[in-house]
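Hello,

Here is the structure for you to look over. My notes follow below it.

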Amino acid sequence: MNAIDPTDSLTPGVYIVGAGPGDPDLLTVKAQKLLAKADVIVFADSLVPKQILQGVRPDAEIIQTANKTLEEILAIVVERVRSQLSVVRLHSGDPSLYSAIHEQMQALAEADIPFEVIPGISAFQAAAAKLKVELTIPGGVQTIILTRISGRTEVPEREELASLAAHQASLCLYLSARHVEEAQAKLAEHYPSDTPVAICYRLGWPDEKILLVSLDKMAVSTRDNKLIRTTMYVISPALGAVGGRSRLYHPEHTHLFRQK
C-alpha cells in the first residue's frame, strides 16, 4: 500500500492499527493520521476505549466488533474496500501480540484486499513506563518473556508456564487473570515467594489500576480487587532491584563513537 500523505485521502484498503494500551497519547503518529482520515473504523470495542476514537472524521463509519465473528468482520471489511473505502481495523496493544490478525491477514490476502500493519505500544511497555523501571537490569536480568497461561486457547506444552518461570526472567503474563491461582502456583515453582509482581489493570484507561505485591499475594490481590479482564502481570526481580550499571555509558567502555 502507498505511504500516507497527510494532505491526501487514504488508498482504499485495510490498515491494521495497534491502538496501544488505551491512552490516546500513546498512539503512533501514523496511527493518528490513519484514524483522522479513514472512511471506516472497525474496532474491538470491548478492548479499545472510545477515547482512542477522538479525532476521527465526523462522517466516518464506526463499526464495533465485540459481538461479531471473524467471518462477519471480514465480510464488512471486504465489502467496504471493494466499495473503494479505506478501513482502519483497530486492535488493542500491538497487533503482533494476541491480536488474532494472522487469520485476518490470510483471509484478506485470499480476497485480494490490500492491507498494511501499523504497530502499537504493548501493555508490557506501558507498564514498565508507569512503574518507572527497566525490565533488563545489568547483572540481574537480561531477558523478557511475553506469555500467557492455557485457557480457551491452549499453550503448547513446550511453552508451559512453569518451564518458562525456570529462567527467572522478567515475565509478562497476559490473558491470565481468570486462572491466577494456577498461574501463581506455577510461577512459585521457580520464583521466590517475595518476587515483586505488578498487577496492571486496564493500562491507559480512565480506571487504570496498578498494584505492586509479592508473588505469594498475586492471586488474593487479584480476587480482592475483582480484576478479571484486561489485566497483565509483570513478574520480575527488576521491580525491586537496585541493579548494576550498564556498560554502555561507563567511562571505561570504549566503542566506535567513544574511544580512549
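In which strand is the place of Thr147? Thr147 sits in strand S6, residues 144-148. Bear in mind that this is a predicted model. Thr147 counts as buried because its relative accessible area is 5%, and the cut-off is under 20%. Setting aside neighbours within four places in sequence, Thr147 is in contact with Tyr98, Leu161, Leu164, Leu171, Cys172, Leu173 and Tyr174.

Tyr98 turns up again at the largest pocket. This pocket holds about 1500 Å³ of space. Its lining has 43 residues, and Ser46, Leu47, Tyr98, Leu175 and Arg229 lie nearest the centre. Two or more lining residues come from each of helix H2 (70-82), S4, helix H3 (101-110) and strand S10 (231-235). By class, the lining of the largest pocket has 18 nonpolar, 16 polar and nine charged residues.

Next, helix H1, residues 29-37. Its buried residues are Ala31, Leu34, Leu35 and Lys37. Strands S1 (13-18), S2 (40-43), S4 (86-91) and S5 (115-118) are among what covers them. S4 also gives residues to the lining of the largest pocket.

Last, Ala128. Ala128 lies in helix H4, residues 123-131. Is Ala128 buried or exposed? Ala128 is buried, because its relative accessibility is 13% and the limit is under 20%. Leaving out residues up to four places away in sequence, Ala128 touches Val133 and Leu135.

Best wishes

How values were computed
Residues are numbered from 1 along each chain as its sequence is written. This is a predicted model: local features need pLDDT of at least 70, side-chain atom pairs count only at pLDDT 80 or more; totals for chains, interfaces and linings use all residues. Side-chain values use heavy atoms; hydrogens and water are left out. Helices (H or I, at least four residues) and strands (E, at least two) are DSSP runs, numbered from the N terminus. Buried means under 20% relative accessible area, exposed over 50%, partly exposed in between (1.4 Å probe, protein chains only). Contact means heavy atoms within 4.5 Å. On a 1 Å grid over the protein atoms alone, a cavity is a set of points where a 1.4 Å probe fits but cannot get out, and a pocket is an open set with protein on both sides within 12 Å along at least five of seven lines; lining residues have an atom within 4 Å of a point. Grid points are joined across faces, edges and corners, and a volume is the space filled by probe spheres set on the points. Ala, Val, Leu, Ile, Met, Phe, Trp, Tyr, Cys and Pro count as nonpolar, Asp, Glu, Lys and Arg as charged, and the others, Gly among them, as polar.
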